[in-house]
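Please look over the sequence and the model shown below before reading on. The briefing that follows takes up the ligand site, the domains, the sheets and some local backbone features.

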Amino acid sequence: MDDLLHQIDSYKKEITEFSADKDAAETFRIKYLGTKGLVKNVMGEMKNVPNEKKREFGQVLNEFKIFAENKYEELKQTTDNAQLATGNSIDLTLPGDDLPLGSRHPINIVKNKIISIFQRLGFAVAEGPEIEDDWHNFTALNLPEDHPARDMQDTFYISQNPDWMLRTHTSNVQVREMEKGVLPIRIICPGRVYRNETISARAHCFFHQVEGLYIAENVSFADLKQTLYFFVQEMFGANIKVRFRPSYFPFTEPSAEMDITCLICGGEGCSVCKHTGWVEILGCGMAHPNLLENCKIDSNKYSGFAFGMGIERITMLKYQVKDLRLFSENDLRFLKQFTSTV
Ligand code: PHE
């Protein structure tokens, strides 16, 4: 038994003096704590210890085991710290993490392009709330309650307050600008709008618009035509022709819809333009006197024009996208194909 005690003592001395070089912790673990290590070995001697001494020896052996384990923890700490200090754990020669470049959403690319074209004509960007009250979305726009034209713009209402709704067009921003009473006004209003539509390739319950408004003295329909003609040429190219068809909007009089040469067939006639050679891109007209008066603008002194277009529609024509739902499906294979040119 004394031999065993001597043996343990000499191991302890060895352990205390075990030096902390680079691989010390691992070497130590293998030598003392591994399956074939010395601690296990000494433990194995237990079977040779007479029964009456087992208890006493058990304690010595246990204490020895803890002694070795503590040393191992200590060595591990020192080697880990040493590695950190010398930077060994970080390999600076490894290539960096790949951060893929994003791309703009096609709707945003086209929105920015539309904005930049009108900015060159002196239009400023104005924005407003997407949750709107009845006055700014409908009534001020000469669409009083029970007006049948409201049916074309059914939307989502907010149950706590029946006066609130998700705006159906960005014309609400035009009303808000006019109410400020600072004239002349020359604004474009980009933004998201909502309608209670069944989702299909051509309609969605939300989409994006850019509307425009110009109010000053002596604004005429000729100004409207020339402004929109400039826009179309900048947007789609110099060879594009436009035509105006009479239409109806409660907030404009007279009202028109504007068509451009079909970009798919160049005006020859195809299935996209239903063999007419033309596709509709926006609604427009001269601001209705009731609209001006509702916003406390003297309709005898001032006149103006307004127009509104769906960004999705322009984008579909520009990039020949056939299904509107692609814009909101977040499919990267689709979205990555568009590069911003603005
Ligand atoms: N606000 C109309 C719509 O969303 C578009 C429009 C704007 C038409 C301005 C004429 C003048 O349908």
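A polar contact is here a pair of N or O atoms within 3.5 Å; within protein, one of the two must be able to donate a hydrogen and the other to accept it, and residues adjacent in sequence count only if both atoms are side-chain atoms. By that criterion, an N or O atom in the side chain of Ser171 lies 3.2 Å from a nitrogen atom of the ligand. The model is predicted, and local features therefore need pLDDT of at least 70, side-chain atom pairs count only at pLDDT 80 or more, and totals for chains, interfaces and linings use all residues. Residues are numbered from 1 along each chain as its sequence is written, and side-chain values use heavy atoms, with hydrogens and water left out.

**Ligand site**

**Domains and salt bridges**

- The protein chain is divided into domain 1 (2-86) and domain 2 (106-335), with bounds that come from an automatic or database domain assignment.
- The C-alpha centres of domain 1 and domain 2 are 82 Å apart.
- There are 13 salt bridges in the structure, each being a side-chain nitrogen of Lys or Arg within 4 Å of a carboxyl oxygen of Asp or Glu.
- One of these salt bridges joins the side chains of Glu63 and Lys12 (3.1 Å, N to O).
- Because Glu63 lies in helix H4 (residues 51-86) and Lys12 in helix H1 (residues 2-17), the pair ties together parts that are 51 residues apart in sequence.

**The three-stranded sheet**

- An open sheet of three strands has the order E2-E4-E3 with antiparallel pairing; two strands pair if DSSP finds at least two bridges between them.
- Strand E2 (131-133) and strand E3 (157-158) stand at the edges with a single partner strand each, so one side of each is left without a neighbour in the sheet.
- Three bridges connect E2 with strand E4 (residues 161-166) in the antiparallel sense, with Ile131 opposite Leu166 in E4 and Glu132 opposite Met165 in E4.
- E3 and E4 run antiparallel and are joined by two bridges; they form a hairpin with two residues between them, and Ile158 stands opposite Asn161 in E4.

**The seven-stranded sheet**

- Seven strands make up an open sheet of mixed pairing in the order E1-E5-E6-E10-E9-E8-E7.
- The edge strands are strand E1 (124-125) and strand E7 (242-249), each of which pairs on one side only.
- Strand E5 (residues 185-194) runs antiparallel to E6 and is joined to E6 by ten bridges; within this pairing, Gly191 stands opposite Gln209 in E6.

**Local backbone features**

- Leu183 and Pro184 are joined by a cis peptide bond with omega of about -5 degrees, and Pro184 is found in the loop between helix H7 (171-179) and E5.
- A cis peptide bond, with omega of about -5 degrees, also joins Glu253 and Pro254, and Pro254 is found in strand E8 (residues 252-261).
- Lys296 has a positive phi of about 60 degrees although it is not a glycine, and Lys296 lies in the loop between helix H9 (289-294) and E10.

How values were computed: Helix = DSSP H or I, 4+ residues; strand = E, 2+ residues; numbered from the N terminus.
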